[in-house]
Amino acid sequence: MPVRDDSVIRIDGPWEHRAVSAGGTRFHVVTLGDGPLVLLLHGFPEFWWSWHNQLVSLAAAGYRAAAVDLRGYGGSDKPPRGYDLVTLAGDAAGLVRALGEANAIVVGHDWGGLLAWTMGVYHPKVVQRLVPVSAPHPLRLRQAVRADARGQGWAARHTLAFQVPMLPERRLLRSDAALVGRLLHDWSGPNWPDERTERLVRDAFQIPGVAHSALEYHRWLVRSLPRPDGLRYARHMRGPIRMPTLHLHGSLDTCTFARSAQGSGRYVEAPYRWKLIDGAGHFPHQERPRAFDTELLGWLSDPEPER
């Protein structure tokens, strides 16, 4: 099997590929447009391409969209540590400043959504508005896994399976990263992913270091629970979110159930809007981009979003 390098993620388009340093880590960032900054944070097991539709639609609507490969993914650095949500939130806050802005609208999917919630608490001055996608508030997610063990707990079983050293990386990369493609199909609604998207994601996951780095996110989430760093994180995340929040979720999500995300508004002391994207699974911004963009751009154009 040929070894992939990060050339597979430098996909041509109307956008610009950039290398941006923040906090001593180099990130691959794809930008398009001029105007208020919208930072786009992808989830597992993807890379910046997750947001290629929104790069175009946001730029057309007068925003400067920036989709980043998170630490350990795509063309970004893959250091041996730093895959906890506090460090990752610091990465994203540093990227906003490195892109020349004091704050940004932060849109995050899946792990990018957990990261976005964390930014809202740890770096509130950097987050102008918050848009978690397919991502409950981290404390709400913990509650859902505990209270609904046969439902959300079973749906999140991959995270527990990823705790084993080395073997999960091998399974994900085996047979041209076939399992990565299967996860996309299993978690999405009908008729997604398209062949090109699956191929790109499978190729990007085979860049050396990505599989291990991606699983370190999941390992920290579970292993930190009883540790001092995890306990500190949970205490800190009880703090309120004080920026307007749009919470988007696919109605057919089988990875993170909509019922598991509902209730996250209890942590928001600001205008909060919950919206289901009908017919979409775990990847609503890719599965139903028009419906997703209608909700996102409509909310962003409202200077005072109501609850």
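Colleague: How much space lies in the largest pocket?

Modeller: This is a predicted model, in which local features need pLDDT of at least 70 and side-chain atom pairs count only at pLDDT 80 or more, while totals for chains, interfaces and linings use all residues. Residues are numbered from 1 along each chain as its sequence is written, and side-chain values use heavy atoms, with hydrogens and water left out. As a general idea, rolling a probe the size of a water molecule over the atoms shows where empty space is left. On a 1 Å grid over the protein atoms alone, a pocket is an open set of points with protein on both sides within 12 Å along at least five of seven lines; a cavity is a set where a 1.4 Å probe fits but cannot get out; lining residues have an atom within 4 Å of a point. Points are joined across faces, edges and corners, and a volume is the space filled by probe spheres set on them. Here the largest pocket holds about 570 Å³.

Colleague: Which residues lie nearest the centre of the largest pocket?

Modeller: Leu141, Val145, Ala156, Thr159 and Leu221 do, out of 28 lining residues. Two or more lining residues come from each of the helices H3 (111–122), H4 (138–147), H5 (149–155), H6 (157–161) and H9 (210–223). Helices are DSSP runs (H or I, at least four residues), numbered from the N terminus. H4 provides the largest share, five residues. The lining comprises 17 nonpolar, seven polar and four charged residues. In this scheme Ala, Val, Leu, Ile, Met, Phe, Trp, Tyr, Cys and Pro are nonpolar, Asp, Glu, Lys and Arg are charged, and the others, Gly among them, are polar.

Colleague: Which helix gives the most to the lining of the second largest pocket?

Modeller: H7 does, with six residues. That pocket contains about 300 Å³, and its lining includes Arg171, Leu183 and Trp187. By class, six of its lining residues are nonpolar, two polar and four charged.

Colleague: How many cavities of 30 Å³ or more does the structure hold?

Modeller: There is one. The largest cavity has a volume of about 50 Å³, and among the residues around it are Phe27, Leu41, Arg71 and Asp91. Helix H2 (residues 85–98) supplies the largest share of this lining, four residues. Eight of the lining residues are nonpolar, none polar and two charged.

Colleague: At what angle do H7 and H8 pack?

Modeller: Two packed helices are described by the angle between their axes and the distance between the axes. Axes are lines fitted to C-alpha atoms over the stretch in contact, and angles run from 0 to 180 degrees between N-to-C directions. H7 (residues 167–187) and H8 (residues 195–205) pack at about 130 degrees, with axes 9 Å apart. H7 and H8 are therefore oblique to each other; angles under 35 degrees count as roughly parallel, over 145 as roughly antiparallel, 65 to 115 as roughly perpendicular and the rest as oblique.

Colleague: Which residues of H8 meet H7?

Modeller: They are Glu198, Arg199, Val201, Arg202 and Phe205, with Leu172 and His185 among their partners in H7. Contact means heavy atoms within 4.5 Å. The contact of H7 with H8 has eight nonpolar, three polar and four charged residues.

Colleague: How far apart are the axes of H1 and H13?

Modeller: The axes of H1 (residues 52–60) and H13 (residues 289–300) come within 11 Å and cross at roughly 40 degrees.
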